Amino acid sequence: MFIMRPLLLRYSLSCCVTSFGSFSASRNKLVTQSVAHLYYLRKTMHYQTEERGHPNSPDYRIYFKTSEGKYISPFHDIPLIVETEQDNDVPAKKPKKNEVEVLFNMVVEVPRWSNAKMEIATKELLNPIKQDVKKGKLRYVANIFPHKGYIWNYGALPQTWEDPNHTDKETTCCGDNDPIDVCDIGTQVCFPGQVIQVKVLGILAMIDEGEMDWKVIAINAKDPDAKNLNNIEDVFKSRPGHLEATVDWFRKYKVPDGKPENQFGFNGQFKDKAFAVEIIKSTHEHWRALVQKQINSAGIECKNISCCESPFKCSDEEARHVVQSAPAFGSAHPVSPDTDKWHFV
């Protein structure tokens, strides 16, 4: 038995390549001025998530597949960038002159107000979403007063990777070996495995135990406020305290587990949209080198079904076998009431 949630995503099983340089564009295509390639979508398709194992247990997994029944990796097969043609259900954007607002796909791992630390399993075949485990126990983030769980929808940008062998020139820290993280500050509370299109607004340089752990600040393109928020300064002006609370949350969320406060580059100041896009571009280039086996995989599972020039491509049958080998979907396990405890830090 399994549960499927229908989602909508721009997805093509044929691999399309463009460049991620200038975002100046016509209505239907990007004007490309960089050698850094992107895999992006030309066709709109529905796809689904399939749950396996028991929720709130170590064997729980959320797999992804298309409406045609083809299983995919949310890490490698969902494209980073969304094609620029306007959709009827996406709010009108306000591009500057002839520029087109570039939207990014975000894979939601953790819904706002929830505590389970769900994440893309980068070291498992097909990279399903699972709950993180530390010292044999499922991981839940603490409620740091006055917050309840995560204070935004939290997730990752697909087809990005913070290379642990790459030293950031500004912070001198290496990547954390994961896709780049995203905080969606939109109104809708999403669900694990949901893919939304987001508008990037800025970025925060968090340093987690010496590793670079960028936090992209973005908003769901369908959010009523999306048309009014175009850069990080707009968030400061229209949402007093929101970004300050974000820094405070990231600084303290591990303290109840006995760990020190996290540190930040740039004195904890948010960098603007242009800076954020350059960081995303860099992590996409590192990901591309990863799936093309140009660099050491650092333990990352790179099997995919659609990436051009990747020696890790697998067949539909291989992908199906991975999912069918996982435990069948079952009833949820109980969650400890300690998850609701307040922590005053």
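This is a dialogue about reading the features of one predicted model.

Biologist: What should I keep in mind before looking at this model?

Modeller: Because it is a predicted model, local features need pLDDT of at least 70 and side-chain atom pairs count only at pLDDT 80 or more, while totals for chains, interfaces and linings use all residues. Residues are numbered from 1 along each chain as its sequence is written, and side-chain values use heavy atoms, leaving out hydrogens and water.

Biologist: Let's begin inside. Which residues have the most contacts inside the largest nonpolar core?

Modeller: The general idea is that in soluble globular proteins, nonpolar side chains tend to be buried together. A nonpolar core is a set of buried Ala, Val, Leu, Ile, Met, Phe, Trp, Tyr and Cys residues joined through side-chain atoms within 4.5 Å. Buried means under 20% relative accessible area, exposed over 50%, and partly exposed in between (1.4 Å probe, protein chains only). Here the largest core has 57 residues, and those with the most contacts inside it are Phe64, Trp152, Ile185, Trp249 and Phe250. Helix H2 (residues 242-252) gives the most to this core, with five residues; helices (H or I, at least four residues) and strands (E, at least two) are DSSP runs, numbered from the N terminus. A second, separate core of 24 residues includes Phe104, Val108, Val200 and Ile203.

Biologist: Why does Thr246 count as buried?

Modeller: Thr246 counts as buried because its relative accessibility is 1%. This residue lies in helix H2, and beyond its neighbours within four places in sequence, Thr246 is in contact with Ile151, Trp152, Ile217 and Phe270.

Biologist: Where is Phe270 found?

Modeller: Phe270 sits in the loop between strand E19 (263-264) and H3. With a relative accessible area of 13%, Phe270 is buried. Not counting residues up to four places away in sequence, Phe270 touches Ile203, Leu204, Ile217, Ile232, Phe236, Leu243, Thr246 and Val247. The C-alpha atoms of Phe270 and Ile232 are 7.5 Å apart, although the two residues are 38 residues apart along the chain.

Biologist: How many aromatic pairs does the count come to?

Modeller: A pair of aromatic rings is described by the distance of the centres and the angle of the planes. Rings of Phe, Tyr and Trp (its six-membered ring) pair if their centres lie within 6.5 Å; planes under 30 degrees apart count as stacked, over 60 as edge-to-face and the rest as tilted. By this rule there are 16 aromatic pairs. Trp214 and Phe275 form a tilted one, with 5.9 Å centre to centre and 55 degrees between the planes. That pair links distant parts of the chain, with Trp214 in strand E18 (residues 211-220) and Phe275 in helix H3 (residues 273-291), 61 residues apart. Trp214 is buried at 4% relative accessibility, and Phe275 is partly exposed at 22%. Phe250 and Tyr253 form an edge-to-face pair, at 6.3 Å and 80 degrees; Phe250 and Tyr253 are both buried. Tyr150, Trp152, Tyr154, Trp249, Phe250 and Tyr253 form one aromatic cluster.

Biologist: On to charges. Which residue forms a salt bridge with Lys273?

Modeller: A salt bridge is a side-chain nitrogen of Lys or Arg within 4 Å of a carboxyl oxygen of Asp or Glu. The count comes to 15 salt bridges. Lys273 pairs with Glu101, the closest N and O atoms being 2.7 Å apart. Lys273 lies in helix H3 and Glu101 in the loop between strand E7 (81-82) and strand E8 (103-110), so the pair ties together parts that are 172 residues apart in sequence. Lys273 is buried at 16% relative accessibility, and Glu101 is buried at 13%.

Biologist: What about the salt bridge of Lys259 and Glu209: where does each residue lie?

Modeller: The side chains of Lys259 and Glu209 meet at 3.1 Å, N to O. Lys259 lies in the loop between H2 and E19, and Glu209 in the loop between strand E17 (195-208) and E18. Lys259 is partly exposed at 34%, whereas Glu209 is exposed at 57% relative accessibility.

Terms used. Contact means heavy atoms within 4.5 Å.
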